[in-house]
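Please look over the two chains shown here. The notes that follow are grouped by topic.

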Amino acid sequence: MARLGADTPDTLRAVTEVGVSGAARHVVFAPLGDGGRVEVVARRISEAIGLGLIADGEQLPSELELAGALNVSTVTLREALSLLRQRGLVETRRGRGGGSFVRAPVDASVERLRTVLRETGVHELREIGDHLLAVTGTAARLAASRASADQVERLASLVDQLAAADTVGERRRADGRFHIEIAAAAQSTRLTRQEIDLQGEIGELLWIPFGEAIDRDERVAWHRAVLAAIADGDGDRARGLTEEHVELAISRLIEFHLQLSRHES
Amino acid sequence: MTPSAGVAATRVDALLRDTFTGIETLRSLAIDVHRGALGAGRAPTTGDLSAIRPTVLAHLSAQARLAGTGVIAAPGVLADQPRWLEWWRRPPGGGSAPLPLTVDLDTGNIGSYDYPLAPWFDVPYRTGRRVVVGPYVDYAGTDEYILTFAAPISSDAGFFGVAAADIRAGDVERAMLPTLDSEGPATALVNATGRVLASNTPTMIVGSMTHSGSGTRQELPPGAEWADCVGLPWFLVRGQC
C-alpha cells in the first residue's frame with residue numbers, strides 16, 4: 001500500500017504546481033506510487049485532516065490539480081472525495097467560489113492528542129515501540145503454548161468486535177483489549193500489566209480520529225493471522241507476526257509525528 | 001485409584017469445601033439484601049450491600065488462604081451504581097489489614113474491569129451453576145495470578161450477582177506441594193482445561209498446558225455435591241522422569 005511518502009523533489013514539484021502552501025502538505029499530496037486505489041486516496045486525505053494538517057474550512061485544490069498531484073485519475077479522486085463526503089470530512093459547494101472544503105470540527109481531545117504526538121519525539125516513540133516489541137512479541141509466543149480453548153475463543157470475539165467497530169474509540173478498545181488478553185492468555189501478570197500500561201500510553205495516539213495510524217481492516221486481518229498462529233501453538237509465527245505489526249504501527253506513528261512537526265515549523 | 005491419589009482428592013475436596021462454605025454464607029446474606037430492598041418496593045443500593053461487609057472481613061481473617069472475597073453485583077441491579085463489587089482483599093505479601101478492591105469500572109477505559117465477561121461471573125450467570133476458574137491473570141481487577149471460586153446469587157427476587165472467593169495460585173501451590181511430593185517426582189495438579197495448578201517439577205510449571213500425550217493422567221473424582229460445579233474435575237498428571 002502506498003504510504004505517506006518520502007520528501008522527494010518530485011513531491012515538492014507537485015505541491016508547487018497545485019499551489020498548496022504549508023511545509024507539511026507536500027507529503028500529504030505526494031504522488032501515490034501504485035496508481036492509487038480509492039481507499040488509499042481517501043485515507044491519505046483523511047489522515048491529513050485528522051492530523052490537522054489541513055484545517056477546518058480550508059479549500060482543497062481543484063479535482064484536476066489534486067488528481068494530478070496524487071497521480072491518480074480524476075475518476076478515482078472523485079470517488080475518494082465522495083467517500084470523504086460520506087464520512088462528513090469534506091463538503092462540496094457548487095458554483096462560483098465552489099469546490100471541496102474540509103469539514104473537521106476539532107474537539108479538545110483530538111487537539112490534545114495531536115499536541116502529544118507532535119511533542120513526543122522520534123526517540124521516545126521508538127522507545128515505546130521497542131518496549132511494545134518485547135512485551136507484545138513475548139506474550140504472543142507464550143500464549144501460543146499456554147492459551148486455553150476458551151481464551152482463543154475470547155480473542156476471536158475481540159477481533160470480531162474490532163471488525164465491527166464503527167467509532168475510533170471502539171476500535172482502540174477492541175485493539176488494545178486483544179493485546180492485553182494475549183498477555184493474560186500467556187499467564188503472565190507482569191506482561192499483562194506492562195501491556196495495559198503500554199496500550200494506555202500508545203493506544204490513543206494510534207487511533208487519533210481520522211488520523212489513525214492503523215487501518216482497521218488491515219489490523220483485523222493481522223489479528224486473525226496472529227490468532228491462527230496461537231491456536232496452532234506456533235509461538236515463533238505468533239511472535240513474528242506480532243513484531244511485524246508493532247513495527248508497522250510505530251513507523252506510521254513516527255511518520256505522523258514528523259508531519260506534525262513540519263507543519264508547526 | 002492409588003491410595004495416595006486418594007489423599008490428593010481429599011485435599012482438593014477440603015479446599016473446595018472450605019472455600020464454598022464461606023461463599024454460601026455470603027450468597028445467602030446477599031439474597032437477604034436483595035429481597036429486603038425489593039420487599040420495601042425499591043432496588044437495593046451499595047449501602048444495603050455493605051451489610052455483608054463484617055462477614056466478608058471475618059472470612060478473610062478466619063481463612064488465611066483467601067486472597068479476597070465478597071459479592072459482585074450484576075450490572076443494573078443496584079440503584080446507585082451501574083456496576084459494583086463489595087470485595088475485600090488481603091494485600092499480597094500479607095501483614096496489613098484487608099483493603100477494599102478498587103477497580104476502574106468505566107467501560108470506556110482500556111484498563112477497566114469488564115467483569116460481566118469474566119468466566120467466574122458469566123458462567124454462574126448463564127448456567128446458574130457454581131464455577132472454579134483458574135489459575136488466570138485477573139487483569140484490571142486484582143492484577144494477580146489467582147483461582148476464583150464463584151456461586152450465583154439467585155432467588156425469587158431474581159439474579160443479583162455472584163458470591164466469590166479468590167485464592168492466589170502461589171498459595172494453592174504451597175498447599176498442594178506436600179501432597180504432590182507424596183505422589184512421587186514429576187507430579188502436577190492440573191485443572192479441567194489441562195492447565196497446571198501446581199507441580200513439583202520444572203518440566204510442568206504452573207500456568208502451562210499439559211497435553212494428552214504428556215505422562216499419565218488420573219482424574220480426582222469430585223464428590224456428588226460438586227456435580228453442579230463447572231471447572232471440575234481436576235487431575236493428577238505424572239510425567240516421565
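Among contacts in chain A between residues at least 6 apart in sequence, 71% join residues at least 24 apart; two residues are in contact if their C-beta atoms, placed from the backbone, lie within 7 Å. This is a predicted model, in which local features need pLDDT of at least 70, side-chain atom pairs count only at pLDDT 80 or more, and totals for chains, interfaces and linings use all residues. Residues are numbered from 1 along each chain as its sequence is written, while chains are lettered from A and ligands numbered from 1 in the order in which they are written.

**Chain A overall**
- Chain A has 12 helices and four strands; helices (H or I, at least four residues) and strands (E, at least two) are DSSP runs, numbered from the N terminus.
- Of its 265 residues, 45% are buried, where buried means that 20 or more other C-beta atoms lie within 10 Å of the residue's own, exposed means 12 or fewer, and partly exposed is in between, with C-beta atoms placed from the backbone.

**Where chain A touches chain B**
- Chain A brings 17 residues to this contact and chain B brings 14 residues.
- On the side of chain A, helix H7 (122-146), helix H9 (168-185) and helix H10 (189-206) each supply at least two residues.
- H10(A) gives the most, with seven residues.
- This side of chain A holds three nonpolar, 11 polar and three charged residues; Ala, Val, Leu, Ile, Met, Phe, Trp, Tyr, Cys and Pro count as nonpolar, Asp, Glu, Lys and Arg as charged, and the others, Gly among them, as polar.

**The two domains of chain B**
- Chain B is divided into domain 1 (9-168) and domain 2 (171-238), with bounds from an automatic or database domain assignment.
- Their C-alpha centres lie 25 Å apart.
- The contact between them takes 18 residues from domain 1 and 19 residues from domain 2.
- On the domain 1 side, helix H1 (3-39), helix H4 (119-127), strand S4 (131-137) and strand S6 (158-168) of chain B give two or more residues each.
- H1(B) gives the most to that side, with six residues.
- By class, the domain 1 side has 11 nonpolar, one polar and six charged residues.

**Strand S10 of chain B**
- Four of the five residues of strand S10 (residues 234-238) of chain B are buried.
- S10(B) pairs with strand S7 (residues 187-190) of chain B in the antiparallel sense over four bridges; strands pair if DSSP finds at least two bridges between them.
- In this strand, B:Arg238 stands opposite B:Thr187.
- Strand S9 (residues 216-220) of chain B also runs antiparallel to S10(B), joined by five bridges.
- B:Phe235 in S10(B) is the bridge partner of B:Glu219.
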